[in-house]
Amino acid sequence: MKSNQYMNPYLAGILLGLVLLATVYITGRGLGASGAVKSVVATGVKAVTPSHYESAVAYQDYASEHPDGTMKSWLVFEILGVIIGAFISGVLSDRIGLKLEKGPSVTNKTRIIAAVIGGALFGFGSQLGRGCTSGSALSGMAVMSLGGIVTMMAIFGGAYSLAWFFKRLWLK
Amino acid sequence: MGPLVPDIISNEFNYLIALIMGIGFGFALEQAGFSSTKKLVGLFYGYDFTVLKVFFTAGVTAMIGILLLSHLGLLNIEFVFVNPFFVRSAIVGGIIMGAGFIVGGFCPGTSVCAAAIGKVDAMAFVLGSGMGVWAFMEAFPLLEEFYKADAQGAVLISDFFNVSRSTWAILLTIVALLAFVAVTLVQQKVTNEKADWSRANIFKTVKWSALPIAILIFIAATPTRDEFVMAKLEKKAKTGKCAPKLIDADKLAYELINNYYAYNLIDIRSKEEYDSFHIATAINIPLEQLKNLEYRPLFRQRIKTNVFYGVSLSDASRACLLARYHGDVNGLALKENADQFYQLFFLPKMLGATPTKQELTIKLFRESAARKMEEIETAVSSMSKPIEKKVRVVQGGCS
């Protein structure tokens, strides 16, 4: 592996697939990401407005699913691992450093605002669709879940059909 | 047999597994280039198809691996989480995520990855996704009806198309391989790279494409390990080498009323059938679950004799043979099926006008046995059942 270069995509795919397979074999569940964000949000809400946390239905559901504490969730630990793993990979391939990536014709400010809006849409959609690209699409494909595969097609179909409208963000 | 959680690895230790698997996940994503928003978005503008290649390769690898492990009897897919399908929220949620993808340039997993190596835009995306989740939680009362509409349960795509798992796997693998070739050609056109039509490259492509297909054909063409074991046992039983030992209803009743504590009576019918009638002291393990790891100790113990009965003698014999395969040397199969047993003891036939002495003796024995078995059942059911396994909850998903 030359430093600074990305791994062959098929090799990286097999590696990722084996990590997912090991996860399913050991734990009986797939990988995920958006669930960890939910845990952080629930923890924040509980800390700031405890009475609201007690009364709102969505947080009541969350609390009953996580009886041992808001942050004691499989995905929270997994995402901590993701941060560590990505950091190790970044160090090995010499890609660490504060950096902002954007299309050639937008300002830094536009990029940051777009990232926040995009994140908000993705976060909202992931809750409605019961999982994001990791938990629903990738893990769903591996276990042949119809729901996961439909969500995957909706994500990529949605992005493709909107790509033309947002090309100013990414292309010259 | 997997999944290893919770029988072999405890639920608490599972959090450490989560951390370790996360490290692998993050490492693979970052190495693949998913920490670069330009690479991710390249998929939608045709200049970089890394995402599609990595994503499909990973999905197909894991899918084939899961099939292979379950084929070899190493993974019980009954206990693997399958995402439930809610038609409307899956589609609308997916499209909103797609919009988030093209506007924000990341998805949640990749944004965390990119933020970990210092990408400022990814940090903004993570912040945004927290806001999005928060908005959903706050708006939940308004969305709840839509969110829970059209519940289809955990449908498998293979069941939806009414094909076998391996057929679907072969189809998806072929689609993925064709997609890889197609996007490579598109990318070369968009970026003006030269296509590599060398013989060595074509050979390499074919060789790597053949591997997953070969594994899937092996899975489709050979019996699963469970089928193989059962066929082997039945073949042996037919030649008389390893026929299950039988016990008849009267003998069983006699043993139950005199030393019920020396027997484990196992009802291999469904839960409903078991609930409507079962022989005194019997526990319920449906036939298809007998192979599960949690029942092995039952077969290996030498203190009590296991007696199997079900809807037919052949089912009971299968259970008995299966138990023997897993270490049960003394197991017995009941000659009569559950209904016959019930009729013998609880709905006895009227005797003829001039019953023989033997007929009378049997009738008397069965009447008193029926009473005693009822007494034993009441006595036993007030004690804790000897081996009632807790139902395992399949966990997973994004919550």
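**Labels and their grounds**

Modeller: Start in chain A, with A:M144, which sits in the loop between α7 (133-142) and α8 (146-163) of chain A. Keep in mind that this is a predicted model.

Colleague: What makes A:M144 stand out, given that it is not a glycine?

Modeller: Its phi is positive, at about 65°.

Colleague: What pattern does chain A follow along the sequence?

Modeller: The pattern is α-α-α-α-α-α-α-α-α. Chain A has nine helices and zero strands. Its C-alpha atoms fill a box of roughly 50 × 40 × 35 Å along the principal axes.

Colleague: And chain B, what does its secondary structure come to?

Modeller: Chain B has 16 helices and five strands. Its C-alpha trace spans about 100 × 55 × 40 Å along the principal axes.

Colleague: How does the radius of gyration of chain B stand against that of a compact globule?

Modeller: A compact globule of 399 residues would come near 21 Å. Chain B has 30 Å. The rule behind the globule value is 2.2 Å times the number of residues to the power 0.38.

Colleague: Which domains does the assignment give for chain B?

Modeller: Domain 1 covers 14-225, and domain 2 covers 231-382. The centres of these two domains of chain B, taken over C-alpha atoms, are 49 Å apart.

Colleague: Why are α1(B) and α5(B) called roughly perpendicular?

Modeller: Their axes cross at roughly 80° and come within 10 Å. Angles of 65 to 115 degrees count as roughly perpendicular. Therefore α1(B) and α5(B) are roughly perpendicular to each other.

Colleague: Which residues make that contact between α1(B) and α5(B)?

Modeller: From α1(B), B:G26, B:L29 and B:E30. From α5(B), B:G109, B:T110, B:C113 and B:A116. The residues of this contact divide into three nonpolar, three polar and one charged.

Colleague: What makes α8(B) and α9(B) roughly antiparallel?

Modeller: Helix α9 of chain B runs over residues 199-221, and α8(B) packs with it at an angle of about 170°. The axes are 9 Å apart. Angles over 145 degrees count as roughly antiparallel. So α8(B) and α9(B) are roughly antiparallel to each other.

Colleague: Which residues of α8(B) and α9(B) make the contact?

Modeller: α8(B) supplies B:S166, B:A169, B:I170, B:T173 and B:L177. α9(B) supplies B:S209, B:P212, B:I213, B:L216, B:I219 and B:A220. Eight residues of the contact are nonpolar, three are polar and none is charged.

Colleague: Now the interface. How many residues of chain B are in contact with chain A?

Modeller: 114 residues of chain B are in contact with 110 residues of chain A. A pair counts as in contact if the C-beta atoms, placed from the backbone, lie within 7 Å. Several helices of chain B each supply at least two residues to the side that touches chain A, including α1 (14-32), α3 (50-71), α6 (120-147) and α8 (165-191).

Colleague: Which helix gives the largest share of that side of chain B?

Modeller: α6(B), with 20 residues. The residues of the side of chain B that touches chain A divide into 73 nonpolar, 35 polar and six charged.

Colleague: What confidence values does the predictor give the complex?

Modeller: An ipTM of 0.97 and a pTM of 0.84. The mean pLDDT of chain B is 89, and 95% of its residues reach 70 or more.

Colleague: One last label. Where is the cis peptide bond, and what is its omega?

Modeller: The bond joins B:V5 and B:P6, with omega about 5°. B:P6 lies in the segment before α1 of chain B.

Methods
Residues are numbered from 1 along each chain as its sequence is written. Chains are lettered from A and ligands numbered from 1 in the order in which they are written. This is a predicted model: local features need pLDDT of at least 70, side-chain atom pairs count only at pLDDT 80 or more; totals for chains, interfaces and linings use all residues. pLDDT is the predictor's confidence in each residue, from 0 to 100. Domain bounds come from an automatic or database domain assignment. Two residues are in contact if their C-beta atoms, placed from the backbone, lie within 7 Å. Helices (H or I, at least four residues) and strands (E, at least two) are DSSP runs, numbered from the N terminus. Ala, Val, Leu, Ile, Met, Phe, Trp, Tyr, Cys and Pro count as nonpolar, Asp, Glu, Lys and Arg as charged, and the others, Gly among them, as polar. Axes are lines fitted to C-alpha atoms, for helices over the stretch in contact, and angles run from 0 to 180 degrees between N-to-C directions. Angles under 35 degrees count as roughly parallel, over 145 as roughly antiparallel, 65 to 115 as roughly perpendicular and the rest as oblique.
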